[in-house]
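Please find below my notes on the two-chain model under discussion. They are set out as numbered points, beginning with the relation between the copies.

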Protein chains: 2
Amino acid sequence: MPTDARAEDFRRRLDHAAEATEAALDALLGPAALPGEITRPARLLEAMRYSTLGGGKRLRPFLVIESARLFGVEGASALRTACALEMIHCYSLVHDDLPAMDDDDLRRGRPTCHKAFDEATAILAGDGLLTYAFDVVADPATHDDARVRANLVLALARAAGLGGMVGGQALDLAAETAATPLTQAETLRMQAMKTGALLRFAVDAGALLGAASPAQAAAMARYGDALGAAFQIADDILDAEGDTAALGKRAGKDAERGKATLVGLLGLDAARARCDQLVNDAVAALRDTGKGDAAGVLVEAAQFVAARRN
Amino acid sequence: MPTDARAEDFRRRLDHAAEATEAALDALLGPAALPGEITRPARLLEAMRYSTLGGGKRLRPFLVIESARLFGVEGASALRTACALEMIHCYSLVHDDLPAMDDDDLRRGRPTCHKAFDEATAILAGDGLLTYAFDVVADPATHDDARVRANLVLALARAAGLGGMVGGQALDLAAETAATPLTQAETLRMQAMKTGALLRFAVDAGALLGAASPAQAAAMARYGDALGAAFQIADDILDAEGDTAALGKRAGKDAERGKATLVGLLGLDAARARCDQLVNDAVAALRDTGKGDAAGVLVEAAQFVAARRN
């Protein structure tokens, strides 16, 4: 496929995944999601919907959907897994925005959950989304094979937990008040946990859903790690350079808070060069899946992640 | 077995379950729990241990262990499921104690997690415990059969989520500031979600682990519902009557805050009578499991829950 057509195909698929995810999340968080007898905690459900619907590029769902497609799986299996991952991503934003954490008022150009509702509701909305994600994955509607469901739960819990996202956030907060700044190795490790682990899960999930061979699964894992690292550097560059309006959240806050970033450690030029190298690594890993042109959309995804402007 | 011997047997088993749970939680949250490569978020892990170890009657783990034993399952399967449930119970206490929620300084006679650490750490410790619970249940070490693991994840997520504990907490908080107090039916429903759902899961888990027949599983569910309701009334009575030293948390706070309780709605005597009736219901449900004397320890558990003084 020529370069322009590939880029166009990527954009079309990204939009399609975002629309499908939005509709599926809307249904999963709709009135039918709670069985008839249950008293509906209306305000909590509203806060969960507010924090999940109507925003974002849906990059993680897209990666689940396209990784699963690469291994022959489409439809509800991929989409439900994508929604579960997005719920966990959204819960983490709700909790990270809390006054006791990053204390942010703005997210995706709207008031953060605790500003639009209140702190107690934001804490519970995050807890509810995190819990519901595992409900969605473990449900037989996600996959016929219970081993696949249990493996998805395990991988998602590890990506989101103490050794992944939650642990990375704790290391990031600790670094803000530490006597000595994080080294480059520590920063990379923290970012791999905080941001990388969920992105890595997205592509691991595709391999799990599609029963990829061990070699293919390992190649997808390398792709996911490289893409996750590129994503984080691009994020750091955007925060250093971006403006609040384009980002839909406050820019420049990393430096202000003394957050550990690769831009701070390496400077902008070296950070950009490293980001380019990671895209090359991601593309090389995809080659090892043996899927040829079918992996083209994931090549585009790696380039998109590194070059994004918001 | 004579009454005294049964009570003694119950106490011995309750203590044994508490010791086994403490040791298993200590191992699950020990250094070996994080694979070698991972940077340890030391303070977060410490907060998770602080919030989980060294306290509590471990009633929920005991119920998992004894319900599983009733259906022929012992050892790691029951103990790991018990630990996962206890992690979710402990996470809920950490988040409920936060300033934005119940704003409590004291829990089990010690400073609450956000007092001993800080609010951000307490939020993340709760998130980490909730996530880790699903990791533990989904791990093949919990059960050979992936269907059982996936079903446990599903049941646990539903008990803990929007239609269960988290939803109940939201309804409880909403009731504090509502224009009209909750009716009796609404109070019962809120309590069944907030407190009852996890206790019900404990006994459902035993039936799931032991592949109980549908009729037996239904009987266990009825037992769990009755026991959960009795537990909550006993809790309300304790809060109305108890003293802070014996409870290890502040007494009298329900009335102070205008919380919806059955004691407030019915008065102490009628609440006590209702609690006794629920114990009878629980015992009748156990009879329907067809397990005879083997269920004696769970009969004692229902009586213990209703009569407890802290």
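1. Relation of the copies. Chain A can be laid on chain B by a turn of 180 degrees and a shift of 0.0 Å along the axis, with an RMSD of 0.0 Å; the superposition is by least squares on the C-alpha atoms of residues with pLDDT of at least 70 in both copies. The two copies are thus related as by a two-fold rotation axis.

2. Basis of the model. The model is predicted: local features need pLDDT of at least 70 and side-chain atom pairs count only at pLDDT 80 or more, while totals for chains, interfaces and linings use all residues. Residues are numbered from 1 along each chain as its sequence is written, and chains are lettered from A and ligands numbered from 1 in the order in which they are written.

3. The interface. Contact joins 46 residues of chain A to 46 residues of chain B, two residues being in contact if their C-beta atoms, placed from the backbone, lie within 7 Å. On the side of chain A that touches chain B, the elements giving two or more residues are α2 (42-52), α6 (119-138), α7 (146-160), α8 (165-177) and α9 (184-209) of chain A. Helices (H or I, at least four residues) and strands (E, at least two) are DSSP runs, numbered from the N terminus. The most is given by α6(A), with 12 residues. By type, the residues on this side of chain A comprise 28 nonpolar, 8 polar and 10 charged; Ala, Val, Leu, Ile, Met, Phe, Trp, Tyr, Cys and Pro count as nonpolar, Asp, Glu, Lys and Arg as charged, and the others, Gly among them, as polar. Since 100% of the interface residues of chain A are also interface residues in chain B, the copies meet through the same surface.

4. Helix α6(A). Of the 20 residues of this helix, 19 are buried, so α6(A) is largely enclosed by the rest of the structure. A residue is buried if 20 or more other C-beta atoms lie within 10 Å of its own, exposed if 12 or fewer, and partly exposed in between, with C-beta atoms placed from the backbone. The end C-alpha atoms of α6(A) are 29 Å apart, which agrees with the 28 Å that its 20 residues should span at 1.5 Å a residue; the expected span is 1.5 Å times one less than the number of residues.

5. The nonpolar core. The largest nonpolar core has 219 residues, and those touching the most other members are A:V153, A:L156, A:A230, B:V153, B:L156 and B:A230. Such a core is a set of buried Ala, Val, Leu, Ile, Met, Phe, Trp, Tyr and Cys residues joined through C-beta atoms within 7 Å. Beyond its neighbours within four places in sequence, B:V153 is in contact with A:F134, A:A138 and A:V153, and also with B:F134, B:V137 and B:A138.

6. Fold of chain A. The secondary structure of chain A comes to 15 helices and 2 strands. Its radius of gyration is 19 Å, close to the 19 Å that the globule rule gives for 310 residues, so chain A is as compact as a globular protein of that length. The radius is taken over C-alpha atoms, and the rule is 2.2 Å times the number of residues to the power 0.38. The C-alpha trace of chain A spans about 60 × 45 × 35 Å along its principal axes, and 55% of the 310 residues count as buried.

7. Residue B:G167. This residue is found in helix α8 (residues 165-177) of chain B and counts as buried, with 27 C-beta neighbours inside 10 Å. Not counting residues up to four places away in sequence, B:G167 touches A:P41 and A:L44 as well as B:L162 and B:M193.

8. Helix α15 (residues 296-307) of chain B. Its 12 residues reach 17 Å from first C-alpha to last, close to the 16 Å expected at 1.5 Å a residue. Its buried residues, among them B:L298, B:F304 and B:V305, pack against α1 (3-28), α3 (59-70), α10 (214-241) and α14 (268-287) of chain B.

9. Most residues other than glycine have a negative phi. The place of B:R108 is in the loop between β1 (106-107) and β2 (110-111) of chain B, and it is partly exposed, with 13 other C-beta atoms within 10 Å.
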